[in-house]
Amino acid sequence: MRIVRTVADVRAAVRDARSRGASIGLVPTMGALHDGHLSLVRAARAANGLVVMSLFVNPTQFGPNEDLAAYPRDEERDARLAEDAGVDVLFAPPVAEVYPQGFATSIHVAGLTDVLDGASRGAGHFDGVATVVTKLFQMVAPDDAYFGQKDAQQVLVIRRLVRDLDMPVTVVACPTVREPDGLAMSSRNVYLDPESRERATALNRALDAAEREVAEGRTDAAAVLAAASAVLGAAGIEPEYLELRSPDDLREVARVAGPTLLAVAARVGPARLIDNRILEAAP
Ligand code: AMP
């Protein structure tokens, strides 16, 4: 595996692979790698001749009171894990390579970004995501780019971005990878002390409870959300949001009829965690 830090070097590696006929798979990450990230690498590895992972803690997607400074960083460990999982090129640019002096452009995907995490973290979050993903696509020019369904709203925003700007990239969404007790893997789980770690399992259990409610035929939003809410409440968790929305355009829904996104965000101890599930009404 090669580690490169400049746009010129990543482009050269991609050009070389293309000249050998390889397709390019890109896995964008902020590092602090876990099995969720590595599942994206495995998907990319299975479908592409060259796998590029970007490792960049993107400052523009963090709000002023968020954890940019504290975000876990360990490039040596990440490089080992990436190489073992089959990454060919690790693109780990410094901030100034991505945002040079005078950088002035921002990409805004309207509509999808003012609800859920956009409302809770501020619209600037998804502007930061859309801007850095656009830049990574320009730098790497991948055929396929891999994202986790754990960040369901992010996947929707990126799909819309790619469609609206005619980017020649196939967006591949991969299932959420979980710890054995159901907690969705996240780089932020390292913030959890043992007591918060235990309570954090309530997010997935709340999604389970909602799923059971639907399976038993109670499909109106109030009942589904109440079931999930009760599990969170029992763990002493007050969600930032707990909402049922259309998985295509994030419109709020009153009933689980077709596939419906149930999304939750909550602060658990020192960590802000998110999770989601697609609920389907029984036929
Ligand atoms: P991050 O480093 O948190 O920006 O995540 C990089 C990519 O990994 C994003 O596409 C995430 O959605 C994805 N990802 C993070 N956690 C998981 C998980 N538990 N399962 C699957 N994908 C994940």
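The side chain of arginine 188 makes a polar contact with the side chain of aspartate 67 at 2.8 Å. A polar contact here is a pair of N or O atoms within 3.5 Å; within protein, one must be able to donate a hydrogen and the other to accept it, and residues adjacent in sequence count only if both atoms are side-chain atoms. Arginine 188 sits in the loop between β6 (170–174) and α8 (194–215). Helices (H or I, at least four residues) and strands (E, at least two) are DSSP runs, numbered from the N terminus. With a relative accessible area of 14%, arginine 188 is buried. Buried means under 20% relative accessible area, exposed over 50%, and partly exposed in between (1.4 Å probe, protein chains only).

The model is predicted: local features need pLDDT of at least 70, side-chain atom pairs count only at pLDDT 80 or more, and totals for chains, interfaces and linings use all residues. Residues are numbered from 1 along each chain as its sequence is written, and side-chain values use heavy atoms, with hydrogens and water left out.

**The ligand site**

The ligand is surrounded by 17 residues, of which the closest are Met30, His37, Asp151, Val177 and Met185. A residue is near a molecule if one of its heavy atoms lies within 4 Å of it. By class, this shell holds eight nonpolar, seven polar and two charged residues. Ala, Val, Leu, Ile, Met, Phe, Trp, Tyr, Cys and Pro count as nonpolar, Asp, Glu, Lys and Arg as charged, and the others, Gly among them, as polar. β2 (24–29), α2 (35–47) and β5 each supply at least two residues of the shell. The most comes from α2, with three residues.

| Residue | Protein atom | Ligand atom | Distance |
|---|---|---|---|
| Glycine 148 | backbone N or O | oxygen | 2.9 Å |
| Aspartate 151 | side-chain N or O | oxygen | 2.6 Å |
| Methionine 185 | polar backbone atom | nitrogen | 2.9 Å |

Taken alone the ligand exposes 480 Å², and the protein buries 93% of that. Accessible areas come from the Shrake-Rupley method with a 1.4 Å probe; for residues, only the protein chains shown count as cover.

**The nonpolar core**

In soluble globular proteins, nonpolar side chains tend to be buried together. The largest nonpolar core in this model has 48 residues. Such a core is a set of buried Ala, Val, Leu, Ile, Met, Phe, Trp, Tyr and Cys residues joined through side-chain atoms within 4.5 Å. Val52, Phe91, Val133, Phe137, Val140, Phe147 and Ile158 have the most contacts inside this core. The elements that give two or more residues to this core include α1 (7–19), β3 (50–55), β4 (89–91), α7 (152–164) and β8 (260–268). The largest share, nine residues, comes from α6.

**Aromatic pairs**

The whole structure contains four aromatic pairs. Rings of Phe, Tyr and Trp (its six-membered ring) pair if their centres lie within 6.5 Å; planes under 30 degrees apart count as stacked, over 60 as edge-to-face and the rest as tilted. The ring centres of phenylalanine 62 and tyrosine 71 are 5.8 Å apart and the planes are at 80°, so this pair is edge-to-face. Both of these residues, phenylalanine 62 and tyrosine 71, are buried.

The rings of phenylalanine 137 and phenylalanine 147 have centres 6.5 Å apart and planes at 65°, so they too form an edge-to-face pair. Phenylalanine 137 lies in helix α6 (residues 124–140) and phenylalanine 147 in strand β5 (residues 144–148), so the pair ties together parts that are ten residues apart in sequence. Phenylalanine 137 is buried at 4% relative accessibility, and phenylalanine 147 is buried at 3%. Ring pairs also link Phe56, Tyr99 and Phe103 into a cluster.

Alanine 141 has a positive phi, near 50°, in a residue other than glycine. Alanine 141 lies in the loop between α6 and β5 and is partly exposed, with a relative accessible area of 38%. Aspartate 166, also not a glycine, has a positive phi of about 50°. This aspartate 166 is in the loop between α7 and β6 and is exposed, at 66% relative accessible area.

Leucine 55 lies in strand β3 and is buried at 12% relative accessibility. Leucine 55 and alanine 92 are 37 residues apart in sequence, and their C-alpha atoms are 4.8 Å apart in space. Isoleucine 274, in strand β9 (residues 271–279), is buried at 16% relative accessibility.
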